[in-house]
Amino acid sequence: MITFKLNGQQRTFDGDPDTPLLWVLRDFEKLTGTKYGCGIAQCGACTVHLDGMTRRSCITPIATVDGSEVVTIEGIEGKEAEAVQKAWVAIDVPQCGYCQSGQIMSAVSLLQMTPKPSDDDIDGAMAGNICRCATYQRIRQAIHDAADTMEG
Amino acid sequence: MTVHSIKSTRRSFLAGAGLVIGFTLAPRMFSARAMQGVQAGGDTALSPMNAFVKIGADDTVTVLSKHIEFGQGPFTGLATIVAEELDADWSQMRAVHSPADDKVYANLAFGLQGTGGSTSIANSYEQLRKAGATARAMLVAAAAEEWKVPASEITVEKGRIKHAATSKESGFGAFASKAATKTPPAEPRLKDPKDFILIGQELPKLDTVSKTNGKAVFTLDVTADNMLYATVAHPDHFGATVKSFDDLQARKVQGVVDVRQIPQGVAVYAENTFAALKGRAALEIEWDLTKAETRSSDQLTADYEKLFAEKGLAATNNGDVEKAFSGNGVQSIEAVLAFPFLAHAPMEPLDAVFVKAVDGSVDIYTGAQFPGMDKSTAAKVLGLDPEKVRVNTQITGGSFGRKAQFGSPYMQEAAAVFAATDGNRPLKHMWTREDDIRGGYYRPMYVHKMRGAVDADGKIVGWDQSIVGQSIMAKADLDETSVEGASNLPYDIPNLRVISHNTTLVVPPLWWRSVGHTHTGFAVETFVDELLEKVGKDPVEGRLALLSKEPRHIATLKKVAEMANWGSPVPEGRQRGVAVVKSFGSYVAQIVEVSVSNEGSPRVHKVWCAVDCGIAINPNVIKAQMEGGIGYGLGAVLFDAVTLGPGGKIIQSNFHDYRSLRINEMPAVEVAVIPSGEPPTGVGEPGVPPIGPAVANAWRRLTNSPVRRLPIVNVLSA
């Protein structure tokens, strides 16, 4: 039996311990904001926060999550999350929107570590998140905007 | 255990989640409680004014989008058009997908329901203006009756219906149900475009908020209680079929329920996605390659080039090309260009959910780009009357052409997977990224042979282009999609010949964002650039001189040159390149600034982009589509090819070897939308064609090596 905290609530999982966290979230917990995009940690659509750090849930076996704390797009909160989501909406970042949960999880984590990121910081933190619609210019802008509002 | 004997063992998911967005109707088997998925057509409690507009008692106006929303913006664009003529307030507007109906919801450019060719706004513009105006007239008629005042004295503004003389005022909701009973005017009065209030504004997109908090329901997110999850093992050669398979190990995987052969491969059914994937990986399958494509991409290219010697199909033959090339003092240059197979790789791979109702009818939830075709295809596979199948188009994670397939081959597979069960459990079928990259329906391979003639005065007098590749429309005769952009060359060259050679492969072809322009735009715009260079002309001035009969090309090109301050000094180590392409009725010109990266490949710093797409419904959406088209096209020309290796085996499989542009590779993009009173045209595709040739032109100036083969990075590393 694997026990972990999900968006603040205690959860258990007693299925195949190899099951990636992604599919536990989506198929068992029915939290579908976290997306499948590649299954090999190449696209970042599955990004969640695991014990406060970004993690690609598609390659994270649930067995390794035992005792950890998982936060998904459905559960993020705090000033960084609020600033990021507001900034995303203000300039209409999403197109198809499928990758955006992962983008936002990475962006929130970036701002938690680096409240005033440079373009290079953004490249470093966000290059693991693919957007096939190529909304990158707006992602970059929204992160800068969010940083500005947190400061102000 | 098989799928026919399965009993529900899992708790109803609703106990743990509160994410129910959509509802299915009685008498369907699965109650609203157990279903997450958005039903096409919207809430049935809303009052329908016509096929496109529903109004709620709460004053909300819901627009039924006959076009799929996969990021290109029809929900917002179509709702804007309706809201304009309805005099609604933007805050009350909503949008949902319409039901599947090839008549009521036909794309007026196609004759059946479908999204593609950047036609959503163009074909809907008049239709939805009328739908909005009709609804407005019905609301006014209902108010006039209720208030006992002449309809002509009623005004509507920002969602408020008013009668000044009696100081009466109301929202739409109070009259919605009564208005729905009114006879719609045959010819509603439309606004003079100069009076537009909402059209032309950068209104916030309707689907943004749900795409920033994880609440948007994509097909992959549709969940029904007691649902099965299925994946299919596919061959790694095109045209291969299952010879035999051993599912002993697969059936031992925890959570695997059943394994069945279907025409497309071997399907694994399981209690969750991971079990289905693990089960699939444990299958041992022997494939029959008798009918498979066994040539490699290199062999195909060589075979294609042999066709240049043959006559081919004449797409254009103006003047006398042979004579032009043999004229006195005429110099010619030649180039052979090779374009690879390209996968579309939308973020959300192909997927569908099937739910059978108690009356035997079936709801399908999917990203349907041709919903009517998906419906009839599924009905056929399931052995049902099409009226017993409802296609509920979901918000979709991209497509770029991938989800628009004649004959709905994906739906054939998904429906076959469902049909192989007894249908008593809902079923989700998904493709993995590997299925997607290796699944065919690519932008076909093409090879172009270009010949250009310049006379002693430096005038381009002859253009001779041969194009070899698959016909996307599966035609034996000329396929316009193979030659569009070349056969109607905008440049004024007196002797022009464009020849097409169709090839036949088992690798299935498909349109890929901007279709023929993906390769003709590259070929034309790089070659004209080389010809202009040969005669010592400036790339912008030289093009303008050749475009004397094309005023919208000229205006777009001049605008982008002004934005980039063309002719001003370029920073050390950089070069600029330009391209202008008209596609799908829209004109797009781009100028790029490029340097050589540390890895020796093109680094694109900046893109200036000017677009003329007629009346701009929402300039912000247009700019977003240009930015996205540039990023999508740039990733492909720099990095992407699906290649067949020795024996025809597909090489690439996922994003590690089928690269996508990443944020650190995205140039800064500046877009100008040219003001226009012309009818609106599309923007989903036209941003793509110019970026490749603009980069290649800058690269040639930077390195003295023309780009003859895509993707650029493969050639550099070869």
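**Entry 1. Domains of chain A**

Domain bounds come from an automatic or database domain assignment. I looked up how that assignment divides chain A in this predicted model. Domain 1 covers residues 2-71 and domain 2 covers residues 79-151. I took the centres over C-alpha atoms and got 21 Å between domain 1 and domain 2 of chain A.

Next I checked where these domains touch. Domain 1 of chain A puts 13 residues into the contact, and domain 2 of chain A puts in 10 residues. Which elements each supply at least two residues on the domain 1 side? I found strand 3 (47-50) and strand 4 (53-56) of chain A. Strand 3 of chain A gives the most to that side, with 3 residues. I then sorted the domain 1 side by class: 5 residues are nonpolar, 7 are polar and 1 is charged.

**Entry 2. Chain A against chain B**

I turned to the contact between the chains. Chain A contributes 47 residues and chain B contributes 54 residues. On the chain A side, I listed the elements that give two or more residues. They are helix 1 (21-28), helix 2 (79-90), helix 3 (100-113), helix 4 (119-126) and helix 5 (136-151) of chain A. Which helix gives the most? Helix 5 of chain A does, with 4 residues. By class, the chain A side holds 25 nonpolar, 13 polar and 9 charged residues.

**Entry 3. A sheet in chain B**

I traced a sheet in chain B. I found 5 strands in an open sheet, ordered 15-23-22-21-16, with mixed pairing. Strand 15 (313-318) and strand 16 (331-339) of chain B are the edge strands, each pairing on one side only. From one strand to the next, I get an average twist of 10 degrees.

I followed strand 16 of chain B to its partner. How many bridges join strand 16 to strand 21 of chain B? I have 9 bridges, and the two strands run antiparallel. Strand 21 of chain B spans residues 446-454. For one pair, I noted that Ser332(B) has Ala453(B) as its bridge partner in strand 21 of chain B.

**Entry 4. Helices across the sheet**

I looked up two helices of chain B that lie across strands of this sheet. Helix 12 (residues 517-534) of chain B lies across strand 16, strand 21 and strand 22 of chain B. I noted about 25 degrees between helix 12 and strand 21 of chain B.

Conventions:
Residues are numbered from 1 along each chain as its sequence is written. Chains are lettered from A and ligands numbered from 1 in the order in which they are written. This is a predicted model: local features need pLDDT of at least 70, side-chain atom pairs count only at pLDDT 80 or more; totals for chains, interfaces and linings use all residues. Two strands pair if DSSP finds at least two bridges between them. Axes are lines fitted to C-alpha atoms, for helices over the stretch in contact, and angles run from 0 to 180 degrees between N-to-C directions. Two residues are in contact if their C-beta atoms, placed from the backbone, lie within 7 Å. Ala, Val, Leu, Ile, Met, Phe, Trp, Tyr, Cys and Pro count as nonpolar, Asp, Glu, Lys and Arg as charged, and the others, Gly among them, as polar.
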